[in-house]
Amino acid sequence: MASLYLPPGPSRNWVFQPRIAAERSDPDVFDSQGNKLYQLDVTERILEVALGREFGVRASLFAGVRTGQGDVGILIGDPTFDEFEFDRGEYFARFAYDTLDNFYFPGHGLYGIAEYVVSDSSLGASQEFEQLQTFFLGAQTFGRHSLMASATVEISSDDAIPVQSLYRSGGYPR
């Protein structure tokens with residue numbers, strides 16, 4: 001992944017942020033009873049361009065366009081699975097707020113991020129849908145003890161979300 005953080009102008013409040021990435025994931029697919037059906041191989045190439053505004057050092061608001069191509073194959077499961085290609089074309093808006101004193105092991109502060117995505121065929125997307133993803137983390141220290149709590153809310157417009165856009169759980173600090 002390569003990203004450029006470019007604040008034009010003397011105020012440095014406005015930011016232009018292009019990003020190019022190659023991503024690979026291997027999500028599991030389960031049936032309604034919780035049995036693992038497949039382990040997929042998803043590879044994707046992404047180009048993103050965003051324009052944003054920073055509000056001090058604690059908050060930012062970005063909006064942009066994301067496009068990409070990828071393919072889905074199978075690692076584990078039915079060998080007759082039909083591999084397929086997909087195209088990504090999305091508008092997005094992202095708000096972030098951060099007062100954590102340390103991202104890896106915070107003693108106090110709040111962190112929150114919310115992103116709204118609209119996948120649109122006019123941008124070349126293989127499938128249209130909308131998603132909202134939010135994540136919040138709070139930390140507080142009491143003497144020698146620290147308490148961290150987090151919450152994630154992920155909402156999709158319907159059940160027919162393509163595999164490359166499904167939400168995944170796990171990782172720090174989930």
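By this rule, how many cavities of 30 Å³ or more does the count come to?

Mentor: The count comes to one cavity of 30 Å³ or more. First, the ground rules. The model is predicted, so local features need pLDDT of at least 70 and side-chain atom pairs pLDDT 80 or more, while totals for chains, interfaces and linings use all residues. Residues are numbered from 1 along each chain as its sequence is written, and side-chain values use heavy atoms, without hydrogens or water.

Now the search itself. Rolling a probe the size of a water molecule over the atoms shows where empty space is left. On a 1 Å grid over the protein atoms alone, a cavity is a set of points where a 1.4 Å probe fits but cannot get out; a pocket is an open set with protein on both sides within 12 Å along at least five of seven lines; lining residues have an atom within 4 Å of a point. Points are joined across faces, edges and corners, and volume is the space filled by probe spheres set on them.

The largest cavity has a volume of about 50 Å³. Asp-87, Arg-88, Gly-89 and Glu-90 line the largest cavity, and so do Ser-119, Ala-125, Ser-126, Gln-127 and Phe-129. Pro-162, Gln-164 and Ser-165 complete the lining. By class, that lining holds three nonpolar, six polar and three charged residues. Here Ala, Val, Leu, Ile, Met, Phe, Trp, Tyr, Cys and Pro count as nonpolar, Asp, Glu, Lys and Arg as charged, and the others, Gly among them, as polar.

Which element gives the most? Strand S6 (residues 84-98) provides the largest share of the cavity lining, four residues. Strands (E, at least two residues) and helices (H or I, at least four) are DSSP runs numbered from the N terminus.

Keep S6 in view and turn to a pocket. The second largest pocket holds about 200 Å³ of space. S6 again gives the largest share of the lining, four residues. S6, strand S5 (59-76) and strand S7 (109-119) each supply at least two residues of this lining. Arg-94, Ala-96, Tyr-97 and Asp-98 are among the lining residues, as are Tyr-111 and Ile-113. Glu-54, Val-57, Arg-58, Ala-59, Ser-60 and Phe-62 line this pocket too. Its lining divides into seven nonpolar, one polar and four charged residues.

One more residue of S6 deserves a glance. Glu-85 lies in that strand. Glu-85 counts as exposed because its relative accessible area is 69%; buried means under 20%, exposed over 50%, and partly exposed in between (1.4 Å probe, protein chains only). Glu-85 and Leu-137 are 52 residues apart in sequence and 36 Å apart in space, C-alpha to C-alpha.

Next, follow the charges. Side chains of opposite charge can pair when their charged atoms come close. The whole structure has eleven salt bridges, each a side-chain nitrogen of Lys or Arg within 4 Å of a carboxyl oxygen of Asp or Glu. One network links Arg-88 and Glu-90 with Arg-94, Arg-19, Glu-23, Glu-44, Glu-48, Arg-66 and Glu-115.

Arg-19 forms a salt bridge with Glu-48, the closest N and O atoms being 3.3 Å apart. This pair links distant parts of the chain: Glu-48 sits in strand S4, Arg-19 in strand S2, 29 residues apart. Arg-19 also bridges to Glu-23, with closest N and O atoms 3.7 Å apart. Arg-19 is at 16% relative accessibility and so counts as buried. Glu-48 is buried too, at 6%. Glu-23, at 38%, is partly exposed.

Asp-28 is partly exposed at 35%, and Lys-36 is partly exposed at 44%.

Last, step back. The protein has zero helices and nine strands. Its C-alpha trace spans about 55 × 45 × 25 Å along the principal axes. Of its 174 residues, 32% count as buried.
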